[in-house]
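Dear colleague,

My notes on what was found in it follow directly after.

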Amino acid sequence: MELAHIATRFDFLKEGQVSRLGEFLQLVLEKNKVTNLTAIEDFSEGLIKHIYDCLIPMEHLCFKDKRVFDIGSGAGFPGLVFAIAEPSSEITLCESNGKKVAFMKEAIQKLDIKNAIVLNSRAEEVRMKGSFDIVSGRAVAALNIMLELSAPLLKIGGTFLSMRGREGENEDKAATSVAKKLGLAIGGRFLEELPEEKGTRTITLYKKEKATPEKYPRPYAKMLSKPL
């Protein structure tokens with residue numbers, strides 16, 4: 001895949017944004033030679049599995065003027081892709097790995113990304129309840145854990161954006177009672193096939209319909225030992 005394919009497929013992107021996404025991916029691949037950021041080493045594959053993959057939800061969910069919290073951002077996927085593709089959004093990237101945090105800060109500076117900040121923290125330790133329009137998570141942890149981490153951070157009416165693989169629909173069904181307990185309900189689900197048979201993606205939008213009980217999120221160890 002080439003950058004031109006990204007521009008053609010996602011026609012909401014401006015020319016400058018497409019080139020910056022390419023520059024960002026190149027930064028990731030260069031840094032990956034000395035710091036483990038991603039298993040992907042090929043630019044073309046990175047365009048599909050990182051850039052294309054992270055742009056898909058932006059066709060189904062409006063990011064314009066939205067406050068977004070990205071859990072487990074890693075090297076900046078999907079958070080920095082969102083920031084580049086929608087400059088009016090305010091993106092908070094949450095990552096506990098110090099080396100990945102350092103890389104994201106470096107990328108933000110080099111690419112002059114003005115609408116993104118990085119928190120070196122675990123999501124359950126963030127004290128910003130009810131602050132965000134969108135919370136995103138790209139296959140960071142089991143869905144029940146992601147729901148528990150995300151729901152408290154959302155405003156009423158906000159959306160948890162779940163980005164998962166082929167089994168996403170079955171995972172959603174298994175987590176129905178968990179979502180309800182946290183004040184969430186599915187507002188939409190979309191399946192997409194990545195180009196060149198690189199996999200299936202399930203995008204699920206969980207709407208926050210009512211307040212999440214104050215006791216959530218619990219400590220991460222409790223989430224693991226006593227899952228909802």
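**Helix H5 and its surroundings**

In this predicted model, helix H5 (residues 98-110) comprises 13 residues, and the distance from its first C-alpha to its last is 18 Å, close to the 18 Å expected at 1.5 Å a residue. Its buried residues are Val101, Phe103, Met104, Ala107 and Ile108. They lie on the same side of H5, because the arc they cover around the axis is only 160°. An α-helix has 3.6 residues a turn, so residues three or four places apart point the same way. On the other side of H5, Lys99, Gln109 and Lys110 are exposed.

The cover over the buried residues of H5 includes helix H2 (15-31), helix H4 (79-85), strand E2 (90-95) and strand E3 (116-120). At the start of H5, a side-chain oxygen of Asn97 comes to within 3.0 Å of the backbone nitrogen of Lys99. Asp112, which follows H5, has a positive phi, near 55°.

**Helix H2**

The 17 residues of H2 should span 24 Å at 1.5 Å a residue, and this agrees with the 25 Å between its end C-alpha atoms. Buried in H2 are Gln17, Val18, Leu21, Gly22, Phe24, Leu25, Val28 and Leu29. These residues also keep to an arc of only 160° around the axis, which puts them on the same side of H2. Among the elements that cover them are helix H1 (3-9), helix H3 (43-55), H4 and H5.

**Nonpolar cores**

The largest nonpolar core has 47 residues, and those with the most contacts inside it are Ile6, Phe24, Ile51, Leu55, Phe77, Leu80 and Leu161. Two or more residues each are given to this core by H2, H3, H4, E2, H5, E3, strand E5 (154-164) and strand E7 (200-208). Not counting residues up to four places away in sequence, Phe77 touches Phe24, Leu25, Val28, His50, Ile51, Cys54, Asp70, Gly72 and Arg138. A second, separate core of 25 residues includes Cys94, Leu147, Leu153 and Leu182.

**Glu124**

Glu124 is placed in the loop between E3 and strand E4 (132-138). Its relative accessibility is 9%, so Glu124 counts as buried. The side chain of Glu124 makes a polar contact of 2.6 Å with the side chain of Arg122. Leaving aside neighbours within four places in sequence, Glu124 is in contact with Leu149, Pro217, Arg218, Tyr220 and Met223.

With kind regards

Definitions and conventions. Residues numbered from 1 in each chain as written. Predicted model: local features only at pLDDT ≥ 70, side-chain atom pairs only at ≥ 80, totals over all residues. Heavy atoms only, no water. Helix = DSSP H or I, 4+ residues; strand = E, 2+ residues; numbered from the N terminus. Expected span 1.5 Å × (residues − 1). Buried < 20%, exposed > 50% of the residue type's maximum accessible area, 1.4 Å probe, protein only. Arc of directions from axis to C-beta. Contact = heavy atoms within 4.5 Å. Polar contact = N/O pair within 3.5 Å; in protein donor to acceptor, adjacent residues only side chain to side chain. Core = buried A, V, L, I, M, F, W, Y, C linked by side-chain atoms within 4.5 Å.
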